[in-house]
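I opened this notebook to keep track of what I looked up, one entry at a time. The sequence and structure come before my notes.

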Amino acid sequence: EYHWEDDDTTTKTLTGALKTISLPAISKKPGTYYMHIKLTDAAGNTADEVIRTVNVVDTTKAVITLNGDAEITLEGGIDTYTEQGATVTDNVEVIDANLMITGSVDTTTVGRYEVKYNYTDASGNVADEVVRVVNVVDTTAATINFQGNVTGQNLDTFYVEKNGTFDHVKLTAIVKDNVDADKELTPYKMSFFHAHDGEELD
């Protein structure tokens, strides 16, 4: 007969030839376990108790699986990066706090970014690092807006009196982009055309 220390301590009996003895439920975690064994012969004579030590170890590293795609592309200045995390599978247990996520993504700056995921289990086994690649791109054209002192008129096309002067006309072109900072283009070259025949004027 035998029983496990720290288990339910229920005595279990084996008869006949040697049999396989299963580890107790508590052995799911690495540690040292003790099995107490007593042998009794057919005449009822009981031998001294023997204690067998069983060491349960964990030498298997966990596996990290990304949630979402391993490589994603974001439009700079428009899209935002949302961390999707990763799932850890371990043969013993998973401690969520042990999942380390490092790296950052700046969606206002074009470039290639890496977010790295690492995990070390309670026994010190280090999982293979997993990397998510985030590409921030700029495929959106900039826009140009005009600013000036031509009151009450569309700054893209405006009108002045025939034989009038243009000294009072001041225009500034503002370039706006989702990624690059706004730029002011000045002086702005103006071309004037005859309203009837399209001839460019000096």
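**Entry 1: Arg52**

I began with Arg52 and listed its contacts (heavy atoms within 4.5 Å). Leaving out residues up to four places away in sequence, I found that Arg52 touches Tyr33, Tyr34 and Met35. I note here that the model is predicted, that local features need pLDDT of at least 70 and side-chain atom pairs pLDDT 80 or more, while totals for chains, interfaces and linings use all residues. Residues are numbered from 1 along each chain as its sequence is written, and side-chain values use heavy atoms, with hydrogens and water left out.

I then placed Arg52 in strand β3, residues 50-56, where strands are DSSP runs of E with at least two residues, numbered from the N terminus. Arg52 is exposed, with a relative accessible area of 52%; exposed means over 50%, buried under 20% and partly exposed in between, with a 1.4 Å probe and protein chains only. I also looked up Ile37, which is 15 residues away from Arg52 along the chain, and the C-alpha atoms of the two are separated by 7.6 Å.

**Entry 2: the four-stranded sheet**

Next I turned to an open sheet of four strands, in which the order is β5-β9-β8-β7 and the pairing is mixed; two strands pair if DSSP finds at least two bridges between them. β5 (71-75) and β7 (99-102) are at the edges with a single partner strand each, so one side of each has no neighbour in the sheet. Ignoring direction, neighbouring strands of this sheet are turned by 20 degrees against each other on average, with axes taken as lines fitted to C-alpha atoms and angles running from 0 to 180 degrees between N-to-C directions.

I followed β9 (residues 130-137), which pairs with β5 in the parallel sense over five bridges, and there Glu75 has Val137 of β9 as its bridge partner. β8 and β9 run antiparallel and are joined by seven bridges, and Val115 stands opposite Arg132 in β9. Six of the eight residues of β9 are buried, so β9 is largely enclosed by the rest of the structure.

**Entry 3: Asn125**

Where does Asn125 have its place? I found Asn125 in the loop between β8 (111-119) and β9, and Asn125 is buried, with a relative accessible area of 14%. Leaving aside neighbours within four places in sequence, Asn125 is in contact with Asp58, Thr59, Thr60, Lys61, Tyr119 and Thr120. For Asp58 I noted that its backbone oxygen lies 2.9 Å from a polar atom of the Asn125 side chain.

Definitions and conventions. Polar contact = N/O pair within 3.5 Å; in protein donor to acceptor, adjacent residues only side chain to side chain.
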